[in-house]
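Subject: Structure for your review

Dear colleague,

Please find below the structure that I am handing over to you. My findings follow it, grouped by topic.

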Amino acid sequence: MKFALLILSTLLIFSMTKITDAQSPKEFAEVWDKNHISNKPASNNRHKDVQDYLEKLKTLGIKVEEVGKSYEEREIYQVEWGKGKTKVFMWSQMHGDEPTATPALMDMFAFLQTNLKKKKWVRELEKTLTIRAIPMLNPDGAEKFKRRNAQNIDINRDTVNLETPEGRLLLKLRNEWQPDIGFNLHNQQELTTVGNTTNQASISVLAVAANPETPLSEDQYRNRRICSLIVQALNQFIKGNIAKYDDGYTPNAFGDTFSDLGTATILIETGGLHGKDEMYLIKLNFIAFLTALQSLVDGSEKTADIKIYENLPENSGGRLHNYIFRNASVVRLVEAKKDFEEDESETDKTEPEKVYKTTIADVAINRRRRRAEITNPPIYVRRFGDLSNHKGLTEFNVKGYYIISTYGLIQNGRGGDFLFYKTTRKLDWSAENFTTKYKPDAVFSRGKWTKPLPK
Ligand SMILES: [Zn+2]
């Protein structure tokens, strides 16, 4: 009896000490603020930057090995940390222009290694888990900052055809090692929104469900609980900006395929967060990863409330834009027949088949995904009309101004600079070289007023 009590108390003390130095999301944030090896916005990283980061990990004593090559023969690396039985497999940037998780993984490994002697929970993690990660699975795409690989194939639709060396490598690494948990790390469009709000979905998670015809496994339930903990953690920083990623089953995508094969996978998609830079998003990823890993040793995974994940609003989109110009006078060239009766005065007598017509409308303008180093990304008209239930991250009231593009009248998809003219001016819309003949009163170019609206 005495002996049993001794064991019990030892166990209790052990589990208590194990939990006492577990770190809160806020502490992870503070730790990252003080020290991280990522040193530039994720979107600016090339293959060479990943190699530089990996050199730093190696000097910390972390195992890094080349495990394959991309189509254009760039090295693909695997980082390994931990000696435990539970195998965690993480991979990032299989889409070349989705970079946030890559430096976050570097920061995570650096943290784990440098805290091995300082934190009991990290030591426990080392004993319990083995983590393998492939940072930047698609270095060719990353080099050109494009989604697909050098063969112009979407690696995340290649689990069946296996045409890409990167996809073949990822599948091989999984099949040889048979990990217990997968983390599939991506970025989504910065204008993705949360449920029926116009809040940016800065982070979206998904406990990948695998084939809908098979019931959820215990590992998939575990992943839902882990997702709940990630949401709870990130709620302390970006409440209202977290969503659940679309749950559709895609049999030739890696998350679904791995889940089917027995590696239940968690998808993390990083979106945008207006007013915060990319480094902040790296920090959020860092917090999410460490929260998830820590939960596997401090017991929090077992008791997490699955409903927090299940009740998360889903990703949505289409109603948030980079810029909205409110109350603009949009000039359109329309069929005279249709509009003749309602607006006879504006009929152009020399060209009776077409007529210029002005309508008051809101014009939504989006920008294309680009590296942070490109400070003037191209912009284009996403839509125009009554956009009262839409939101612009930045909005301007341009009442009393015509709006056109340097390439012509406002049309969906049309880019260029946007030119503004006072509606009190007499303008001949059919004039040749219109934009040189009439000097605009204001110019909005690639996200900036290069000639501001007159006061
Ligand atoms: Zn992606």
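Two strands are said to pair if DSSP finds at least two bridges between them. The model is a predicted one, and the pairing described next is read from it. Strand 15 (residues 401-405) pairs with strand 16 in the antiparallel sense, over five bridges. Within this arrangement, Tyr-402 has Tyr-421 of strand 16 as its bridge partner. Strand 16 also pairs with strand 17 (residues 442-445), again in the antiparallel sense, over three bridges. Here the bridge partner of Leu-419 is Val-443 in strand 17. Four of the five residues of strand 16 (residues 418-422) are buried, so this strand is largely enclosed by the rest of the structure.

Overall organisation

The C-alpha trace of the chain spans about 105 × 45 × 45 Å along its principal axes. Its secondary structure comes to 14 helices and 18 strands. Of the 455 residues, 42% count as buried. Among contacts in the chain with a separation of 6 or more, 74% are between residues 24 or more positions apart.

The domain assignment gives domain 1 (20-316) and domain 2 (320-451). The centres of domain 1 and domain 2, taken over C-alpha atoms, are separated by 41 Å. Eleven residues from domain 1 and nine residues from domain 2 take part in the contact. On the side of domain 1 that touches domain 2, three residues are nonpolar, six are polar and two are charged.

In soluble globular proteins, nonpolar side chains tend to be buried together. In this model, the largest nonpolar core has 83 residues, and those with the most contacts inside it are Val-205, Ile-230 and Ala-288. Helix 10 (residues 278-298) gives the most to this core, with twelve residues. Not counting residues up to four places away in sequence, Val-205 touches Cys-227, Ile-230, Val-231, Lys-244, Tyr-245, Ile-266, Leu-267 and Ile-268. Another core, of 23 residues, lies apart from the largest one; Ile-379, Tyr-401, Ile-410 and Phe-418 are among its residues.

Which residues of helix 5 (residues 120-128) are buried? They are Trp-121, Val-122, Glu-124 and Leu-125. These residues cover an arc of only 160° around the axis, which puts them on the same side of helix 5.

Ile-238 lies in helix 8. This residue counts as partly exposed because it has 19 C-beta neighbours inside 10 Å, whereas a buried residue needs 20 or more. Leaving aside neighbours within four places in sequence, Ile-238 is in contact with Ser-202, Ile-203, Leu-273 and Leu-284. Ile-238 and Leu-284 are 46 residues apart along the chain, and their C-alpha atoms are separated by 9.0 Å.

A loop residue

Pro-215 is found in the loop between strand 7 (203-207) and helix 8 (218-238). Is Pro-215 buried or exposed? Pro-215 counts as exposed because it has 8 C-beta neighbours inside 10 Å, and the cut-off for exposed is 12 or fewer.

Yours sincerely

Methods
Residues are numbered from 1 along each chain as its sequence is written. This is a predicted model: local features need pLDDT of at least 70, side-chain atom pairs count only at pLDDT 80 or more; totals for chains, interfaces and linings use all residues. Domain bounds come from an automatic or database domain assignment. Two residues are in contact if their C-beta atoms, placed from the backbone, lie within 7 Å. Ala, Val, Leu, Ile, Met, Phe, Trp, Tyr, Cys and Pro count as nonpolar, Asp, Glu, Lys and Arg as charged, and the others, Gly among them, as polar. Helices (H or I, at least four residues) and strands (E, at least two) are DSSP runs, numbered from the N terminus. The arc is that of the directions from the helix axis to the C-beta atoms. A nonpolar core is a set of buried Ala, Val, Leu, Ile, Met, Phe, Trp, Tyr and Cys residues joined through C-beta atoms within 7 Å.
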